[in-house]
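Hi,

Here is the structure I promised to pass on.

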Amino acid sequence: MGFFWGILIVLLLNGLIFPNIAQRQIKDTDYGTFINKVDSGLVKEVAIKSGHIYFTAEESGKTNAYQTGATNDPQLVDRLLNADSPNENRKIAFNQVVPQENSPILNFLLMWILPGLIFYLIWRQAGKSLGRLGGGGNFMSFGNSGAKIYAESDIKTTFADVAGQDEAKETLKEIVDFLHNPAKYTEIGASLPKGALLVGPPGTGKTLIARAVAGEAKVPFFAISGSEFVQMFVGMGAAKVRDLFKQANEKAPCIIFIDEIDAIGKRRDTGMGNDEREQTLNQLLTEMDGFDGRKGVVILAATNRPEMLRPGRFDRRVQMELPDLEGRKAILAVHLKKVKHEGIDMDIVARATAGSSGAELANIVNEAALRAVRMGRKSVTTSDLEESVETVLAGAQKKNAVLSATEKKLVAYHEIGHALVAAMQTHSAPVHKITIIPRTSGALGYTMQVDSGEHFLLDKEELFNRIVTLTGGRSAEEIVCNTVTTGASNDIEQATKLARAMITRYGMSGKYDMMALETVSNAYLGGDSSLTCSSETASDIDKEVLRVIKEAHEKAKRIISEHIDIMHRAATFLIEKETITGNEFMNFLKQTPEQKS
Ligand code: ADP
Ligand code: MG
Ligand code: ZN
């Protein structure tokens, strides 16, 4: 921002003090044009100066400035003397120098003040980004020892703000107790873990629980994010780490929290050179090794890519998982405390949000409150929450995107296809709800999955059935509408991923027995994997994957063909109402045998 003000000020000065310079843009032109303009009587002033001709011409009421190369034209002076001009005395003035040198004041501004200003602004900007490391409301100083991070004291977050995550809290409670009363531990000679690593998918409350530890222990909290090291100057990272630990030692007992610690450890990505990153990381590890665990400095770090870190530095690993049904209810309750609400059916909302993270749930509650305000109500209701679930998870309803009748039919049959195939295989409600209202996220329909409950193991048949369900959408398009659409792209991707995993990772194809053909890195962020087999095997795997998918696709088509009447009735209902719940769908399934008998 400051930078723009600087530029603006210079421009303003330019325009106010030296208006003629600001106005007179000198355009390049050729000698012929110049002569033409002279002959047509447009030219007012001419100056010949070091091989250049500068001139002004009056065109459509404006005075324009031009320059052209001077050719050795002996008639030029005659021409100019004889030519007409828009000047009052009707002659061209050619004793006047048109282009003005920048005034000495402007030169001074440009050469000395502006670079100084720019440098100052860059310096301040850098200072700010370093200052941010200190966390809320703190400032930084540039000292010889490097940038300082100030501790946040008086944190109000407590474990009560973190719903669910009981195992994590259990582990961290010991750390809190240690910080409260280090003597209790040191008397026996126990030294507590130097650090704990919080691991889990994004939005599960890692940052939140770290603050809660500081809030519970009532100790200073030094927070720094690994990704902020990336923006730093060369050599600063390591200096910063050193300084951080020095300060923390002075303030002990206290907590150092390094968020997104994987950002320091990771190799690719631009911004910070590998050397710099290594240096920062090494400094961090050295400090961690070196400091006295009994003093009461506890390091918490958070990451969603545990595999990026070398094992062994953090003696405790605290796993944060996506919440289950009970966990989601608890998280909703925590966040609903902050808004006025009445008669909320927590169960409905928790069931509709299978697979959502704590962050998403927090967001859902807030969206619901905003919706209540929009509706002119004084408190949040269940329907606000239900609508905001869809807004947060699938994007807002696109009010003016109208699907054509054909598209609507295709989307409806596609979604019902998935649901029907799923229901026929598991004999239970396959979905929570299906809607075919276009969303701003680009989705044309949205299927809210039903919470499948706690499920730790999946057998081969279940996995295969999932693939069958994924192919159900496309199968319905094929059978009913006799066409294929782009709507199945995501299904295709997922089905392929599953089929591949069955073969390469779960040993579920008879062919490769229990041989690992693939390793997975990055389990929380999409799960990149890399093959660990020969290229012949790799191409063989492809064939095997295709076989599984084909088989699944055939099965889906068979199921749909056998129950095509249910398909038609459910889809007609969905097309008309735009929404169908799991129960309504199951009613269509139940009706069939009665009607047939
Ligand atoms: P992470 O650091 O794991 O990505 P955050 O701690 O930043 O997640 O969580 C973001 C927000 O989500 C929190 O500020 C909080 O509002 C909400 N949240 C996440 N998990 C929980 C939870 N278990 N209980 C209550 N709120 C949660
Ligand atoms: Mg976080
Ligand atoms: Zn689909």
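**The zinc site**

Let's start with the metal: the zinc ion (ligand 3) is held by H414 (NE2), H418 (NE2) and two OD atoms of D491, at 2.0 to 2.8 Å. Keep in mind that this is a predicted model.

If you read along the chain, the donor residues follow the spacing H-x3-H-x72-D. The two histidines, H414 and H418, both sit in helix α17 (residues 405-426), where they are four residues apart, about one turn of the helix.

What is the arrangement of the four donor atoms like? It is irregular, because the angles they subtend at the zinc ion (ligand 3) run from 52 to 148 degrees, and four donors count as tetrahedral only if all angles lie between 85 and 135 degrees. For reference, the ideal angle for four tetrahedral donors is 109.5 degrees.

Are the histidines buried or exposed? H414 is buried, with a relative accessible area of 6%. H418 counts as buried too, at 14%. The cut-off for buried is under 20%.

**Around ligand 1**

Next, ligand 1. There are 16 residues surrounding it, and the closest are A163, G203, K206, T207 and H335. By type, the shell around ligand 1 splits into seven nonpolar, seven polar and two charged residues.

- A polar backbone atom of A163 is 2.9 Å from a nitrogen atom of ligand 1.
- For G203, a polar backbone atom is 2.7 Å from an oxygen atom of ligand 1.
- L208 has a backbone N or O atom 2.9 Å from an oxygen atom of ligand 1.

How much of ligand 1 does the protein cover? On its own, ligand 1 has 550 Å² of accessible area, and the protein covers 79% of that. If you want to find the shell in the viewer, go to α8 (206-217), α13 (325-336) and α15 (358-374), the elements that give two or more residues to the shell around ligand 1.

**One more residue**

Finally, take a look at Q283, which lies in helix α12 (residues 274-290). Q283 has a relative accessible area of 18%, so it is buried. Its C-alpha atom is 9.3 Å from that of K240, although Q283 and K240 are 43 residues apart along the chain.

Cheers

Key: Residues numbered from 1 in each chain as written. Chains lettered and ligands numbered in written order. Predicted model: local features only at pLDDT ≥ 70, side-chain atom pairs only at ≥ 80, totals over all residues. Heavy atoms only, no water. Donors = N, O, S within 2.8 Å, 3.2 Å for Na, K, Ca; no water. Tetrahedral: all angles 85-135°; square planar, octahedral: opposite > 155°, others 65-115°. Buried < 20%, exposed > 50% of the residue type's maximum accessible area, 1.4 Å probe, protein only. Near = heavy atom within 4 Å. Polar contact = N/O pair within 3.5 Å; in protein donor to acceptor, adjacent residues only side chain to side chain. Areas by Shrake-Rupley, 256 points an atom, 1.4 Å probe, with all protein chains shown as cover. Nonpolar A, V, L, I, M, F, W, Y, C, P; charged D, E, K, R; others polar.
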